[in-house]
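Take a look at the model below. Then follow this short tour of its charged pairs, its nonpolar groups and its overall build.

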Amino acid sequence: MTIRLAALEPSPDVFAAVMATGILSIAAADHHYRQISQTVSVLATLGLVILAGLVIVTRRFSSWDLRDPDITLRLFTFVAACAVLDSRLATQPILVWVLAVAALASWLLLIALSVRNMSRRSWSALRDESHGAWELASVGTSGLAIVSTKVAVHTPAHWCLMAAVPIWVAALGIYCLMTGLILWRTVDERQDRDGFEPDTWILMGGLAIATLAGDIIHGLAPAWLAGPVRVVTIVTWVAATLWIPPLIYFGLHRISHRPEMLHFAGVWWAFVFPLGMYSAATYAMAAEIGRPSLITVSLVFFWDALAAWVIVVIAGLLLAGRAVFSPRES
């Protein structure tokens with residue numbers, strides 16, 4: 001038997017695992033599962049460090065074509081991972097600043113590269129290439145808005161709150177753009193029900209994290225701004241909720257016709273993250289609109305997210321074990 005570290009080649013969206021794990025920790029904390037939250041938080045933190053190290057050690061980044069919008073848009077998982085951890089570890093001022101700087105620097109780089117890459121393609125070409133993972137640009141931008149509010153709360157930099165608002169608006173704009181491309185592709189290709197992929201759930205997750213960002217901004221916003229923010233936040237949560245039935249339907253249809261899609265792939269992290277994010281967003285909305293019954297909905301989605309997380313972790317570890325510890329060739 002030989003150990004092959006080269007077999008572990010991270011993809012551009014490898015940090016989706018940290019996103020999913022971090023939001024699960026936040027959702028667990030919402031429901032007062034302290035032990036689960038702390039344990040998962042440690043795993044998320046270690047995961048960010050280990051995956052970043054793996055990307056550097058394997059020099060995988062050198063093979064990524066940064067002229068391809070699909071690559072740069074999927075790399076927004078790093079921004080979102082930093083943002084989610086920043087939110088979870090918000091009581092540690094030093095970590096707040098470190099993760100905030102990392103999120104901002106990577107966002108600025110990736111947004112510039114993505115704008116350049118997308119501007120070089122025609123609208124029809126962008127339509128043909130678009131898929132659920134492109135919503136990660138909106139997810140990362142909403143995450144950056146959350147980071148701005150956390151910095152404003154836990155440091156003297158209160159100007160960050162006003163920066164959070166245009167960033168949040170930009171996230172909603174990016175979401176509309178990417179969703180428009182994805183729906184255009186679906187209509188143009190007359191995509192059948194078997195066209196579902198796990199990353200399609202980011203259509204819901206992008207709105208869920210925008211809801212959470214809006215709720216946090218609303219809690220700190222001045223009176224003249226709080227009202228409009230609250231309205232938009234409720235709209236994004238309702239829209240996220242409306243995505244769930246069709247996503248479940250198309251997902252079950254695809255699985256029933258193509259059970260092989262259940263085999264582990266990194267894209268399944270893009271399914272776990274929206275479940276956890278919807279739990280956190282719904283918990284926030286329960287207080288926002290005074291509906292305690294929504295806490296039960298949030299709890300159901302938390303357990304769904306936790307179950308999916310456990311399954312994906314086990315499947316991923318088994319696959320990684322087979323890749324690293326392979327039989328020695330004769």
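Is Glu-288 buried or exposed? Glu-288 is buried, because its relative accessible area is 13%, and buried means under 20%. Keep in mind that this is a predicted model.

**Charged pairs**

Side chains of opposite charge can pair when their charged atoms come close. Glu-288 forms a salt bridge with Arg-230, and their closest N and O atoms are 3.2 Å apart. Glu-288 belongs to helix 11 (residues 269–288) and Arg-230 to helix 10 (residues 223–257), so this pair ties together parts that are 58 residues apart in sequence. Arg-230 is partly exposed, with a relative accessible area of 32%.

The structure holds 6 salt bridges. The table shows some of them.

| Glu-288 | Arg-230 | 3.2 Å |

Where do Asp-70 and Arg-74 lie? Both are in helix 3 (residues 69–74). They sit 4 residues apart, which is about one turn of the helix. Asp-70 counts as buried, at 15% relative accessibility. Arg-74 is buried too, with a relative accessible area of 17%.

Now take Arg-127 and Asp-128. Arg-127 is buried, with a relative accessible area of 12%. Asp-128 counts as partly exposed, at 38% relative accessibility.

Back to Glu-288, which is buried. Salt bridges can also share partners, and such bridges join Asp-13, Asp-70 and Arg-74 into one network.

**Nonpolar groups**

In soluble globular proteins, nonpolar side chains tend to be buried together. Here the largest nonpolar core has 95 residues. Which of them touch the most other members? They are Phe-76 and Phe-273. Helix 11 gives the most to this core, with 13 residues.

Leaving out residues up to four places away in sequence, Phe-76 touches Trp-107, Leu-110, Ile-111, Ser-114, Leu-136, Ala-137 and Gly-140.

Val-42, Leu-46 and Ile-50 make a nonpolar surface patch of about 280 Å². Leu-46 has its place in helix 2 (residues 34–57). Leu-46 is partly exposed, with a relative accessible area of 46%.

**Cysteines**

How many disulfides does a search of the whole structure find? The search finds 0. Cys-82 counts as buried, at 1% relative accessibility. Cys-176, in contrast, is exposed, with a relative accessible area of 55%.

**The whole chain**

Now step back. The chain has 12 helices and 2 strands. Read along the sequence, its pattern is β-α-α-α-α-α-α-α-α-α-α-α-α-β.

The chain has 330 residues, and buried residues make up 51% of them. Consider the contacts with a separation of 6 or more: residues 24 or more positions apart account for 83% of these. The accessible surface of the chain comes to about 15400 Å². Carbon and sulfur atoms hold 70% of that surface.

Note on methods
Residues numbered from 1 in each chain as written. Predicted model: local features only at pLDDT ≥ 70, side-chain atom pairs only at ≥ 80, totals over all residues. Heavy atoms only, no water. Disulfide = S-S within 2.5 Å. Buried < 20%, exposed > 50% of the residue type's maximum accessible area, 1.4 Å probe, protein only. Salt bridge = Lys/Arg side-chain N within 4 Å of Asp/Glu carboxyl O. Core = buried A, V, L, I, M, F, W, Y, C linked by side-chain atoms within 4.5 Å. Contact = heavy atoms within 4.5 Å. Patch = residues over 30% accessible without salt bridge, like charges linked within 9 Å, V, L, I, M, F, W, Y side chains within 5 Å. Areas by Shrake-Rupley, 256 points an atom, 1.4 Å probe, with all protein chains shown as cover.
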